[in-house]
Amino acid sequence: MADGAPLVEIKVRDDGPYKVTGPVRLVDPDGGTWEVPPGESIVLCRCGASQTKPFCDRSHREAGFSSCERAPS
Ligand code: FES
């Protein structure tokens, strides 16, 4: 990056969550925060079935979630 700040990576997993590699700060509606240090990751639910939202708990497997879209280039 131009300013030398570490790059945040968001990786889309086929039929699964978003894997977010920090450094990043996740803030919930009540102001609760999760600090993700550089190089560490969290996985965020995108199927809607997780019991631990916003995090993935692998419920996407039982839910039969299917999504293999690719970002347009
Ligand atoms: S993407 Fe894994 S539980 Fe929703």
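The model is predicted: local features require pLDDT of at least 70, side-chain atom pairs count only at pLDDT 80 or more, and totals for chains, interfaces and linings use all residues. Residues are numbered from 1 along each chain as its sequence is written, and side-chain values use heavy atoms, with hydrogens and water left out. The protein chain contains 1 helix and 5 strands, where helices (H or I, at least four residues) and strands (E, at least two) are DSSP runs numbered from the N terminus.

**Overall architecture**

- Along the sequence, the elements of the protein chain follow the pattern β-β-β-β-β-α.
- Taken along the principal axes, the C-alpha atoms of the protein chain fill a box of roughly 40 × 35 × 20 Å.
- Of the 73 residues in the protein chain, 23% are buried; buried means under 20% relative accessible area, exposed over 50%, and partly exposed in between, with a 1.4 Å probe and protein chains only.
- Contact means heavy atoms within 4.5 Å. Among contacts between residues at least 6 apart in sequence, 30% join residues at least 24 apart.

**Strand pairing**

- Strand E3 (residues 24–27) pairs with E4 in the antiparallel sense over 4 bridges; two strands count as paired if DSSP finds at least two bridges between them.
- Arginine 25 has glutamate 35 in E4 as its bridge partner, while leucine 26 stands opposite tryptophan 34 in E4.
- The hairpin formed by E3 and E4 has 5 residues between the strands, and glycine 31 in its turn has a positive phi of about 90°.

**Aromatic and charged side chains**

- The structure holds 1 aromatic pair. Tryptophan 34 and phenylalanine 55 form this edge-to-face pair, at 5.3 Å centre to centre and with 80° between the planes.
- Tryptophan 34 belongs to strand E4 (residues 33–36) and phenylalanine 55 to the loop between strand E5 (41–44) and helix H1 (59–63), so the pair ties together parts that are 21 residues apart in sequence.
- Rings of Phe, Tyr and Trp (its six-membered ring) pair if their centres lie within 6.5 Å; planes under 30 degrees apart count as stacked, over 60 as edge-to-face and the rest as tilted.
- Tryptophan 34 has a relative accessible area of 34% and is therefore partly exposed.
- Arginine 46 lies over the face of tyrosine 18, at 5.3 Å from the ring centre; the criterion is NZ of Lys or CZ of Arg within 6 Å of the ring centre and within 35 degrees of the ring normal.

**Nonpolar core and cysteines**

- The largest nonpolar core has 6 residues: Val20, Leu26, Val36, Ile42, Leu44 and Phe55. Such a core is a set of buried Ala, Val, Leu, Ile, Met, Phe, Trp, Tyr and Cys residues joined through side-chain atoms within 4.5 Å.
- Isoleucine 42 is in contact with Tyr18, Lys19, Val20, Leu26, Val36 and Phe55, leaving aside its neighbours within four places in sequence.
- The structure holds 0 disulfides, a disulfide being a pair of cysteine sulfur atoms within 2.5 Å.
- Cysteine 56 is buried, with a relative accessible area of 17%, whereas cysteine 47 is partly exposed at 24%.

**Backbone geometry**

- Most residues other than glycine have a negative phi, and most peptide bonds are trans.
- A cis peptide bond joins glycine 22 and proline 23, with omega about 25°; proline 23 lies in the loop between strand E2 (18–21) and E3.
- Lysine 53 and proline 54 are also joined by a cis peptide bond, with omega about 10°, and proline 54 lies in the loop between E5 and H1.
- Aspartate 15, in the loop between strand E1 (9–12) and E2, has a positive phi near 60°. Aspartate 15 is partly exposed, with a relative accessible area of 30%.
- Arginine 58 has a positive phi of about 75° although it is not a glycine, and lies in the loop between E5 and H1.
- Arginine 58 is exposed, with a relative accessible area of 53%. The C-alpha atoms of arginine 58 and cysteine 45 are 8.5 Å apart in space, with the two residues 13 apart in sequence.
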